[in-house]
Amino acid sequence: MSPREQDLMERYIYAVVRRLPRAMREETGNELRELIGDMLDADPEAGMEGVLRQLGDPAEFARRYSPPGQYLIGPEYFENYKWLLKIVLLCAAVPVFLVSAASGAAESWPDGYYQALARGITGGIIDAVSAALSGFGAVTLLFAAAERYERLAGKKKSWTPADLKEKPAGPGKFSAAPPSWHPASLSPVPDKNARISRGDSIVSIVFIVIFCALLIFVPDLFFLLVSREGVEGNWMLADQTARIPLFNLAQWGRILPVFVFSLGIGLADEILRLVKGCYCRAVLVSNILCAAAQIALSVWLLKFLPLFNPDLPEQLAEANAALGDAAWLPNWNTDIVTSGLLAFIVLLTLLEVGTTIYKTARYAPKG
Amino acid sequence: MGEEKDLLENLSLELRRGTLTLCVLSQMAEKRYGYALVQRLEEKGVPIDPNTLYPLLRRLEEKGLLSSSWETGGSKPRKYYLRTPYGDTVYRRLKELWAALSDGIDALLQEDEP
């Protein structure tokens, strides 16, 4: 073997093994070295190039080595993933773009019309791209986790037909033909009342994503607007109105992660509902766990973190003084607001869990 | 014409794919290295590309049907494969299945002859 042939062989081997899992590389390299040497000995006329041509495209060779299941999100979830990704990208990017562009434009309004427009649009595009990327990351992470979990769970326990009863709408979880499958073990098509409306799930998901995106990218959007009575014309004029931030933006770095995490839990729960499509044990368990986590996080957020702007009462009073007789001045008491909000959240969450328990017990396929 | 040739090639590839495991297992009662197996199968009229055989050997080893060992005594290091006892059992079962299947297919194809 000439040095040139040696070099060519090593290049070929490298082109194959760099596409393989690390643990396989060295041994496969040695095997290929042996194989190529043998082939060259058997047919010296062909030369190294002839031998390598016979072996074919290194990418194809490597592909044949790869174990099945080398993907982040497999065919079982891919359709749902693609579809949800569209929704999330759309409702993260569009509202963030509009709100961010509008608030950017309003801020630089005094600098002139064109400048305000240019700044608003640039800021809006940057925020929208970031929002879309975050949404893409979150959805991909959720589905990749589900895929991984299913694969691990699938490896650990062997399939029995009884599994079908428990998870009637599990999307293709048991794709491999089971060895002892019997039609009698098929669960009935879920009762109409047991089905979870796709529309409801989508509305919740859209709401959560939009709210999340706005909280992350334009938190100063949430403000109280106080205006002078009978203001006519441009309400954006600073001397006629006062914008008082609702949230504690100075502490936002501490608050936002908890807020987003809590919304993220709700999102995961909704996605599970959407994927399962009907009330069943998995939906019930997820709903109870998510509800507990969300109530705990809400208590933390509302009672232990300084969620609301601490200067709100003073700023309201100031605004009142500056604007004279304000048309509408909310009476702000942080304690009452947080307690009321917390009670509302707990009530709503319990109501949802109650509905899920009732529907699961009453209509879910028995198994 | 080209299309028909491609189609035929694809179909024959698919037809052979499932049987290759059986062919390879049949030869592994004694230890062999990869290229010797390529040559042997070709002699017997069952040609198999090395880029199909090597990954297949690796998969059969992972499933416990074959075992392997490197021998460094000769002119260059060689990896030898050998059927395991589990591989023997699986091979016997596959052979029975093949016999039944090929009888059935023969009967079907003969029916079709004028």
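1. Let's start with burial in α3(B): Pro50(B), Asn51(B), Leu53(B), Tyr54(B), Leu57(B), Arg58(B) and Leu60(B) are buried there. Buried means that 20 or more other C-beta atoms, placed from the backbone, lie within 10 Å of the residue's own. An α-helix has 3.6 residues a turn, so residues three or four places apart point the same way.

2. Please keep in mind that this is a predicted model, in which local features need pLDDT of at least 70, side-chain atom pairs count only at pLDDT 80 or more, and totals for chains, interfaces and linings use all residues. Residues are numbered from 1 along each chain as its sequence is written, while chains are lettered from A and ligands numbered from 1 in the order in which they are written.

3. On geometry, α3 of chain B covers residues 50–62, and its 13 residues reach 18 Å from first C-alpha to last, close to the expected 18 Å (1.5 Å times one less than the number of residues). Just after this helix, Gly64(B) has a positive phi of about 85°.

4. Now the interface: 12 residues of chain B are in contact with 13 of chain A, contact being C-beta atoms, placed from the backbone, within 7 Å. On the chain B side, α2 (34–43), α3 and β3 (78–83) each give two or more residues, and α3(B) gives the most, with six.

5. Of the 114 residues in chain B, 18% are buried.

How values were computed. Helices (H or I, at least four residues) and strands (E, at least two) are DSSP runs, numbered from the N terminus. A residue is buried if 20 or more other C-beta atoms lie within 10 Å of its own, exposed if 12 or fewer, and partly exposed in between; C-beta atoms are placed from the backbone. Two residues are in contact if their C-beta atoms, placed from the backbone, lie within 7 Å.
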